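Here are a few notes to read alongside the structure.

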Amino acid sequence: MRRWDPALPLGALAALPDAWRVVVAGIRVAADSGDADAILVLGARVLPGGVPSGSLRARSEAAAALWHAGRAPLVVTTGASHDQPPGEAVVARTLLLAAGVPESAIRIEEKSRNTRGNFLFSRHLVPGTRVEIKAEAGK
């Protein structure tokens, strides 16, 4: 069975010209070498009982590492509850807290049900325009 390559979505974003990096919500993707105003953790599946999927855990851990490295002062977790509570954003928040990111540095967006919604509903939570996106760890 062929495995999905988590680098694909971020690679596609990086390949876009700067003018097209402006997402519908008005958030610009930060260049890999610079700092960001926020780290956006895209939602991923939550298993029954509120157990994070491997993707959600990896994204949250990568975001915590970026926050600890001083890449951005805020981490925004995204994603609604699809089948049962808790939602993706709430589970990611719990992982960030366990990784030592303080509550004051975390914002939660719980309305989105897809990636476009992640951006649209997160816009008001981010004070600036440079956002580090974590789709998978290390990418």
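**Notes on the predicted model**

1. Taking contacts between residues at least 6 apart in sequence, 72% join residues at least 24 apart. Please keep in mind that this is a predicted model.

2. On the overall layout, the protein has four helices and seven strands. Their order along the sequence is α-β-β-β-β-α-β-α-β-α-β.

3. Now the surface and the interior. Of the 139 residues in the protein, 44% are buried.

4. Helix H3 covers residues 88-98, and its buried residues are Glu88, Ala89, Val91, Ala92, Leu95 and Leu96. Viewed down the axis of H3, these buried residues fall within an arc of 165°, so they line one face of the helix.

5. What covers the buried residues of H3? The cover includes helix H2 (54-68) as well as strands S2 (38-41), S3 (46-47), S4 (51-52), S5 (75-78) and S6 (106-109).

6. H2 deserves a look of its own. Its buried residues are Leu56, Ala58, Arg59, Ser60, Ala62, Ala63, Ala64 and Leu66.

7. Gly70 follows H2 and has a positive phi, near 80°. Gly100 follows H3, and its phi is positive too, near 95°.

Notes
Residues are numbered from 1 along each chain as its sequence is written. This is a predicted model: local features need pLDDT of at least 70, side-chain atom pairs count only at pLDDT 80 or more; totals for chains, interfaces and linings use all residues. Side-chain values use heavy atoms; hydrogens and water are left out. Buried means under 20% relative accessible area, exposed over 50%, partly exposed in between (1.4 Å probe, protein chains only). Helices (H or I, at least four residues) and strands (E, at least two) are DSSP runs, numbered from the N terminus. The arc is that of the directions from the helix axis to the C-beta atoms. Contact means heavy atoms within 4.5 Å.
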